[in-house]
Amino acid sequence: MEKLSGLGHLFMTIFLNHFSSFMVIPAITDVTMAAVCPGQDECSLAIYLSGFQQAIIGVGTLVMMPLVGNLSDKYGRKALLTVPLTFTIIPLAILAYSRSRSFFYAYYVLKILTAMFCEGSVHCLALAYVADNVSVERRASAFGILSGIGSSAFVCGTLSTRFLSTASTFQVSVAVAIVAAVYMRVFLRDSIVEDDISAPLMSEKKGEVHDACSDRKSPKKDLEVFKTMPSLEDTICLLKTSVTFSQAAMVMFFSNLADVGLHASLMYYLKARFHFNKDQFADLMVISGIAGTISQLLVMPMLAPSLGEERLLSIGLFFNCVHMLLYGIGWSSWVSYAAAMFSIFFVFSQPCIRSIVSKQVGPCDQGKAQGCISGIGSFANVVSPLVFSPLTGDWSLDL
């Protein structure tokens, strides 16, 4: 019962955090265009700025994700969750105050700096928390439910954007982000550290460091904490633990490479091609989110035990290709809405990859494994804008 309660509090934290993040996505395109290219529907500079931002964030998360996962294995998930939940409030608060050109660029810079640590780290730590509390046999379904919670937050967040002004959208987002951080600190019990649920990185006595996984204290100097930083050699060693792990990492890389390339330019493409605005972006995201939520909360838990993660992964990747193809050949705005419906199948991919990876390592390495895979996904985030931004920027100029 205690584990179920812990998962419930985790799911609520993830819902609130994702709700806050997702509700601003439909509005950020219009805010960017208004600040960078006021009065225009096509703007290659906005595309390049978004690509540059994604690339820099990807470099930061490539370094930080393995470190975050490794630290969470030692000091507990709750201690590490506190940092990204707090940092994400800062850039949102800037746009909640003003969306003028100068404030947009302040947001732009701070978003890059905070997202280097925050981007993906909440989800990575949540996956490790679920792996701590769920048996191997039920892990694929549990990961699907966690993704379903994120999808439901996506639906609620984007749907709320339809009924709020741009200013109110960012103000509500900040309020919900604060509630998420406070809720997590008050209610969530750490899944690793039992004696001290606050999981301090350094103990107060004689500079000892608490080893959360082995639940013992070993005397070390304060500078020893930096030895928790994983090296490239550590990552390579982890990838060599099994052929399955390395294959899952390869799938993660190419899947993220395509996804980031699509979504970094999709809204600019739809705005230029079909003159979509904030409300239409929200409609599109709600359709995709509802289909994904139903799939992950209901369909995936039923199919995972019988089909297995590998087959579900194949199904998800296939329909992801179909959904991207439809966007590429779309001849009318309704095709975009039809393509969004395919999320009922392609959302299988990420939970299946994470479940496969979690089964390749022991209970004390779940954070390290999830951090490694998140880092590989972040590397794809770096490469993708370098490949796709010039293509989409040139296409925008042609229009």
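Author: A salt bridge is a side-chain nitrogen of Lys or Arg within 4 Å of a carboxyl oxygen of Asp or Glu. A search of the whole structure finds three of them. This is a predicted model, in which local features need pLDDT of at least 70 and side-chain atom pairs count only at pLDDT 80 or more, while totals for chains, interfaces and linings use all residues. Residues are numbered from 1 along each chain as its sequence is written, and side-chain values use heavy atoms, with hydrogens and water left out.

Reader: What makes the pair Glu309 and Lys359 a salt bridge?

Author: The closest N and O atoms of Glu309 and Lys359 are 2.5 Å apart. The limit is 4 Å, so the pair qualifies.

Reader: Why is Glu309 called buried?

Author: Buried means under 20% relative accessible area, exposed over 50%, and partly exposed in between (1.4 Å probe, protein chains only). Glu309 has 10% relative accessibility, so Glu309 counts as buried.

Reader: Why is Lys359 called partly exposed?

Author: The relative accessible area of Lys359 is 34%, so Lys359 falls in the partly exposed class.

Reader: Which residues form salt bridges with Arg77?

Author: The side chain of Arg77 meets that of Asp73 at 2.9 Å, N to O, and that of Asp132 at 2.8 Å, N to O. Arg77 counts as buried because its relative accessibility is 0%.

Reader: What makes the link between Ser374 and Arg354 a polar contact?

Author: A polar contact is a pair of N or O atoms within 3.5 Å; within protein, one must be able to donate a hydrogen and the other to accept it, and residues adjacent in sequence count only if both atoms are side-chain atoms. The side chains of Ser374 and Arg354 make such a contact at 3.0 Å.
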